[in-house]
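Here's a quick briefing to read with the model open beside you. Have a look at the structure, then work through the points.

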Amino acid sequence: MQTTSTTSASHDKGLQDLDQVVIRFAGDSGDGMQLTGDQFTRTTALMGNDIATFPDFPAEIRAPAGTLPGVSAFQLRFSSFDIHTPGDAPDVLVAMNPAALKVHLPELRKDGVLLLNTASFSALDLKKAKYEKDPRTDGTLSGWRVIEVDLEQRTLEALATSKLDNRGKERCKNMYALGILYWMFHRDIAPTEKAIAQKFAKKPELVEANLMAMKAGYAYAETTEIFQTAYRVPPAQMKPGTYRNIMGNQSLCLGVVAAGQKAGLQLFLGSYPITPASDILHQLSTYKHHGVVTFQAEDEIAAVCSAIGASYSGSLGITSTSGPGMALKAEAIGLAVMAELPLVILNVQRAGPSTGMPTKTQQADLLQAMYGRNGECPVAVIAASTPADAFEVGYEAVRLAVKYMVPVVVLSDGYIANGSEPWLLPDPDRLPAIPVAFAPEGQPGTKFLPYARNPETLARQWAKPGTKGLVHRIGGIEKQDVTGNICYDADNHQHMIDTRAQKVANIARDIPPMQTIGPRTGDVLVLGWGSTRGAITAATLRLQQEGHEISCACLRYLNPLPNDLEALLRGFKKVVLPEMNKGQLAMILRSKYLIDVQSYSQVNGQPFKSHDIHAYLQKTLASLGSTGSAKETRR
Amino acid sequence: MTATPALSKKDYKTDQEVRWCPGCGDYSILNAVQGAFSKLGKQLHETVIVSGIGCSSRFPYYMETFGFHTIHGRAPAIATGVKTSNPALDVWVVTGDGDAMSIGGNHFIHAMRRNVGLKILMFNNRIYGLTKGQFSPTSEQGKVTKSSPLGTVDYPFSPIALSLGAGGTFIARGIDVFGPHLEDTICKASAHTGTALVEIYQNCNIFNDGAYKGFTDKEVREERILYLEHGKPLLFGANKDKGIRFDANFQPQLVTGADLGKAYVWDETAANVAPAMALATMNEAEFPVPVGVFRRREKPTFESGIQAQITAAKAKKKESLRDLLFAGEIWDVK
Ligand code: SF4
């Protein structure tokens, strides 16, 4: 699928090679920007480019049309080389209305291409977008390459023969814009033809109209003189294998399902709808043919409680949520810690506090995941760093939960959940084994000891109700080790507190050493966790090319921390930790290792831009006297 | 129950010392449950008892079955996970009026609504015992307690009426001191496939002693208790000389003498919930107190619906793990 045969013959204008492009589609929530971006992404992935995406949408399903809060955007970056982020400033901005223009123009790269839909520039439209004057005529747009197209008019003309009413026709204007971009970037239209035919299989008139609009856009770009050049971005050199484009929530689901199968366990998801985690509930509920049970509970508490009940009875209990739901689940997670049952908690973080900004991203639930429960209540915490990485992290969470009989919190975030990237598919036969041994039937005359422990892991046995000879009682009350009987004895309580902590600490012996990009000593180590990984990697690589002694690393395991982390941190003059919170991991590391970790905090609901991290690190390096060799390289 | 008792009451006793206050109604409930279980023909390991928090919720420790003493109010949610993930288990919830009606009210009504195959024994003592005597959602208005020195302003509600409203399919009431009747009611609950609620009036002799004295004392019992018997008229009194009928608006009326024949014939399986609702909300001072089965309607259970979807999906689509992962638009890089 790496040729562009459908289109290459039709280009008789100039064709220029680029190694990467960043495109942002912006319009009203109802303009279909997410669909347009998604189609461009699929096509581009199939054409062999590396790609990263960043959908950015409002919380309201349909905010008032034409207003600033109603603007929905989708940014994608594709390239001929390995990329780590969906890019900072777009090269191309598609703005479907004045509001989208207003919100996104400031970020468009100077000299960048602005494809502007001129259909709705009435005085009212301008007012809704808070423009006092028409930006097309007052010099606002100078400095960019502006292409003005009345997309609505053009689409209506193109669909003259369609059976749709005018409103229905107008709604195809996003496909017209997509057609223009497909021509500009030399994309194959066949995958979209197929996808649209599938999406609207039951409504042939919609398939026809959408495809007609797309082709008309393509032809318009090809024939009119406003478009002088088309661009080609040749495929990237990617690791050999089979790929699939994947979003973070999707791959997290696949990770837990794969792990469940490897472990021979029935998966039980208890969940309550919450942005941006609901897609996990949606997706797992389509895996009934894999035996996955999904339970849409009456609230967040019931969601986690039902998962605990499922784990108690021998399934693998999972619950998915975001920050506010995490807060509600705290007491029940404590019960799972006391009952020493496996439980996987998927927290797709969003911007808090309180309701915050549900569709925006943040990493501020780390301390909540670590400590947000009453008593000394340790759980394992691991974090996904990219959409594809979420597969491995979901898988690992299940492995740890059943091996150590402990709740495992997986931290993802909105940026990972809705972003996408090509995923090198793993060989299912080579995924790590997840052995599960339920307690065997008890012998007559013997008493089952629910808190007898595996001497190595300290995990207790998983005793399934329904198994002969195993009747026993457990609960949230402190119990005697080994017997599980209620026990208020002082020494026993200290022993149980220590044991539960040690059990989680033991996981550190079971995890791989830290990986770094760059040497394990130097001036600066940029440490990250979660979705900052891409921006950190991009900035670090650039600084390395500029001649600095800088390395970066990304933590997957946040509790327990890897055994070799301290030595790694001590190998650098300075450790910088960018986080989308007020320095939560920095605080943990500073207190644990007494190392002066420097927090670089950004909590604005947006992912870090790699050029911001680059600029910050430059200053840090300069303060250490490192000026680099000042080579200019690509972004 | 026709099944031969495989186990005796004694088999259900654990080695744990029972720690309710001496004289607490919970003892007689434990006795009735052990009596009922010994008649159900189940094996010890097939049963799971899930409880929340409160005096009643210590119950699992005293039953030689699987037991899970969980957190305040959440037992129905946890039990829903247990039953849905393994429908073969016999799953019981033991809870109280604070646990089920207050902090756990949401889980309670949704278990009713879904018709999960749980048997819920709710010990209603109209007080918070474990926290030493605050009023509960079933305490009568004006009740003076530690947290309501001038009497409560809150109105109580009827757990039976709440359950009827939530679509419960088996709803019954027993009383701690009516051992054989309670045991029988628990057996009936057990025979029901969907959610079964047994509200058990329980005397807390420490913080709310005598709450039910007005109709449970031996001297008044016969005149004050209305035994609901399926297919029989609603009659009460030592000589069955009083009855209940409903007017056109389903308001209860006392009938005596020549009108006794107009007493309503009780049908616990009726589709119409109005008669049960009328009985559940009858003024306790004016009318007798109904015990027995208010409602019993078979309806497919939640867990059977879930399992049926999974079975059908598995029959319809076989997919290997490889096919699951290698799905959608995939491409090869050489
Ligand atoms: S406080 Fe009341 S309900 Fe609790 S054990 Fe004592 S008597 Fe029973």
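Between domain 1 of chain A and domain 3 of chain A there are 3 residue pairs in polar contact, both partners at pLDDT 80 or more. A polar contact here is a pair of N or O atoms within 3.5 Å; within protein, one must be able to donate a hydrogen and the other to accept it, and residues adjacent in sequence count only if both atoms are side-chain atoms. Keep in mind that this is a predicted model, where local features need pLDDT of at least 70, side-chain atom pairs count only at pLDDT 80 or more, and totals for chains, interfaces and linings use all residues. Residues are numbered from 1 along each chain as its sequence is written, chains are lettered from A and ligands numbered from 1 in the order in which they are written, and side-chain values use heavy atoms, with hydrogens and water left out.

**Salt bridge**
- The rule finds 1 salt bridge across this interface, taking a side-chain nitrogen of Lys or Arg within 4 Å of a carboxyl oxygen of Asp or Glu.
- A:Glu107 and A:Lys609 pair up in a salt bridge, at 3.5 Å from N to O.

**Buried area**
- About 640 Å² is buried between domain 1 of chain A and domain 3 of chain A, with 58% from carbon and sulfur atoms; that's the accessible area (1.4 Å probe) that two parts lose on being put together, summed over both.

**Domain layout**
- Chain A is split into domain 1 (2-232), domain 2 (244-510) and domain 3 (516-623), with bounds from an automatic or database domain assignment.
- The C-alpha centres of domains 1 and 3 of chain A sit 36 Å apart.
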